[in-house]
Amino acid sequence: MAKAALTERADAIAGRIAERGPIAVQYAKEAVSRGAEMPLEQGLRYETDLTMILQTTEDRAEGVRAFLEKRQPKFKGK
Amino acid sequence: MSEGPVLYEKRDGGVAWVTLNRPDVLNAINMRMRDELWELMHAVRDDPDVRVVVFKGAGDRAFSAGADISEFGTAPSIAEARRARRERDLWGLILSLDEVLIAAVHGYALGAGVELAMCCDIRIASDDARFGLPEVSLGYIPSAGGTQTLPRHVPPGLAMQMILTGDPIDAPTAYARGLVQRIVPRERLYAEAEAMAKAIAARPAAATRLAKRAIVDGAELSLASGLALESTMVRRSLETASLPR
């Protein structure tokens, strides 16, 4: 990849992640990195528990609502 | 095809096909489909005639676009949702099966769709397939095992990129990075999957079962323990090889 394209591509990836639900991104990273150190069965339980916690967030409700209303979600990190 | 959300067809030679059958909604996995898969996977487990199972999606556009979001938020409480999830752990059940599982993937394989494919042992894709975990774009995370299974199929950096951006990858990328084991033109997808399934089902049953066990269980062990497990499996397969099938 050329140097100019590199910055552009990195910027694009960073931008995509920044658009996503911030708590979800944080939990997803946690599930991947902590889960990598666990046996699969424990990792799956960890993921399930994080999923359940996320169900209590405003962002998850907004994300689902936005999807069903076919619009961009407005995440608040709550 | 207009029957239930899951079709099941036992074919000759120990092969069975499972079709996700809600093509109007890109085979979105709803509660009814999950319940039927739950029953069906128990039947597969208990049926000595079925040795290899191939999963596919009905219709032209998708293997499965993931969980049916229109049903989200219908559980009475978080505690209830967690209890139901742990008592009916469909993905854990699929991962525990001794049968060899093949996913024949075309079109979209998103969210729980790609997660189902990742619970399989082998993935064959047509060249139009796209694989993604878009959950973070809806404010949640993959919850059919994707955060755990994807990094076990592809390099960790790619797993992070897919899960944290929510953006899908195409079939050639999935093939190059090891998520799928073969790409074929769309019109040959099911014939290739059937041929692979038949070839596996034609091997001695005990050897196939023990080999899968050694690989799946060995992945959780140190190399030394995995090698010890393998020798145990070799001994067992030699014992069973002398028995009538």
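How many residues has helix α2 of chain A, and what does it reach from its first C-alpha to its last? Helix α2 (residues 22-35) of chain A has 14 residues and reaches 19 Å, close to the 20 Å expected at 1.5 Å a residue. The expected span is 1.5 Å times one less than the number of residues. Helices (H or I, at least four residues) and strands (E, at least two) are DSSP runs, numbered from the N terminus.

This is a predicted model: local features need pLDDT of at least 70, side-chain atom pairs count only at pLDDT 80 or more, and totals for chains, interfaces and linings use all residues. Residues are numbered from 1 along each chain as its sequence is written, with chains lettered from A and ligands numbered from 1 in the order written.

The buried residues of α2(A) include A:I23, A:Y27 and A:V32. Buried means 20 or more other C-beta atoms within 10 Å of the residue's own, with C-beta atoms placed from the backbone.

| Helix | Residues |
|---|---|
| α1, chain A | 3-19 |
| α3, chain A | 40-54 |
| α4, chain A | 58-68 |
| α5, chain B | 146-153 |
| α6, chain B | 156-165 |

The contact between the chains takes 31 residues from chain B and 36 residues from chain A. On the chain B side, α6(B) gives the most, with seven residues.

Chain B also holds an open sheet of six strands, ordered β1-β2-β3-β5-β7-β10, with mixed pairing. Strands pair if DSSP finds at least two bridges between them. The edge strands are β1 (6-10) and β10 (182-184) of chain B.

Notes. A residue is buried if 20 or more other C-beta atoms lie within 10 Å of its own, exposed if 12 or fewer, and partly exposed in between; C-beta atoms are placed from the backbone. Two residues are in contact if their C-beta atoms, placed from the backbone, lie within 7 Å.
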